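Subject: A structure for you to explore

Hello! Here is the structure I promised to pass on, and below it I have written up what turned up in it. Please open it next to this email while you read.

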Amino acid sequence: MDYMRLGTTGLKVSRICLGMMSYGDPARQEWALPEEQAEPIVRRAADAGVTFFDTADIYSQGHSEVVTGSVLRRIFPRREDYVLATKVYFPMGRGANDRGLSRKHILSAIDASLERLGTDYVDLYQIHRWDDETPIEETMEALDEVVRSGRARYIGASTMWAWQFSKAQYVAEANGWTRFVSMQNHYNLIYREEEREMLPLCADQGVGVLPWSPLARGVLARAGSASATTARTGSDQRIDHLYDPDNDRRILDRVAQLAADRELPAAQVALAWLLHQPGVTAPIVGATKDRHVDDAVAALDVRLSDKELEFLAEPYRPREVKS
């Protein structure tokens, strides 16, 4: 396993982050694995050197955090041995203040997340989306209080326009508040709109990049495969919202062709391409099978030539921004 600093901080994270959205309550999320099925997969990742784990309060309505905390406490002897991230924004109840990025919700949400995770702090506390209804000054001051109180070590953001991220950073710096150290954004071989402004902004500001859906919710992993249906594809409506495999066919065909030429799984090729991109710290990889972990870790050792990188990237055409 390789490790690198998260942005310009001194925090070291594994170059593969295990996304914990796949674990939780199947009653709330059909394709989620319950704790007893999740633990062997998480343990396999930990045995391979993965020390970075990402979840969110909204995943399985909090149950993912419960599973994440319980499993990690059994696997790692010390809290200091792993890096734990969670997120806030989406509705966690029916009340008017059970959502968003108001001071009230952030301070309540971090306490609720810590209770579910069974820990005194998270290493990275991220805003899951931009909140149009709350002044960014209120949000950044509340996040600063979360850090100063010791409930989070760092803060990060996810999925927003570059101007919004820049504004948040400016507001924090102008007031002496904690700045974001990471951006968790949508980035993979068939969705590269982040290359226009967000990735250059992160590079300029020394912000770590943590791509979500690095395999396009499994679409890239199935490139060239006759089997296109899984438990997730049958119930995850966001696949159809975010991607159109027919329009992306040329890219998928090239992933399949290069995978065949190199005698590698398509998932390793697609992840290797992402790991070669400037500024990418750690793709957030979901895993519901052992081979998903194995492919993610093995991708670290796949070296693609400039010619191969261009072969994979060349068919891409700009598309509508989606999140």
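First, a definition: helices (H or I, at least four residues) and strands (E, at least two) are DSSP runs, numbered from the N terminus. This is a predicted model, in which local features need pLDDT of at least 70 and side-chain atom pairs count only at pLDDT 80 or more, while totals for chains, interfaces and linings use all residues. Residues are numbered from 1 along each chain as its sequence is written, and side-chain values use heavy atoms, with hydrogens and water left out.

Let's start with one residue. D131 sits in the loop between β6 and α4 (136–148). Is D131 buried or exposed? D131 counts as buried because its relative accessibility is 10% (buried means under 20% relative accessible area, exposed over 50%, partly exposed in between, with a 1.4 Å probe and protein chains only). Leaving aside residues up to four places away in sequence, D131 touches Y89, G100, L101 and S102; contact means heavy atoms within 4.5 Å. Y89 is 42 residues from D131 along the chain, yet their C-alpha atoms are separated by 7.8 Å.

Next, the sheet. It is open, has 8 strands in the order β9-β8-β7-β6-β5-β4-β3-β10, and its pairing is parallel. Two strands pair if DSSP finds at least two bridges between them. At the edges are β9 (208–209) and β10 (284–286), each pairing on one side only. Further in, β4 (residues 52–54) and β5 (residues 83–88) run parallel and are joined by 3 bridges; D54 has A85 in β5 as its bridge partner. β7 and β8 pair in the parallel sense over 4 bridges, and M183 in β8 is the bridge partner of A157. β8 is mostly covered, with 5 of its 5 residues buried.

Finally, the helices. Helix α3 (residues 103–117) lies across β5 and β6 (122–127), running at about 135 degrees to β6. Axes are lines fitted to C-alpha atoms, for helices over the stretch in contact, and angles run from 0 to 180 degrees between N-to-C directions. Helix α1 (residues 35–47) packs with helix α2 (residues 63–75) at an angle of about 50 degrees, their axes 10 Å apart. In this contact, E35, A38, E39, V42, R43 and A46 of α1 meet V67, S70, V71, L72, R74 and I75 of α2.

Happy exploring!
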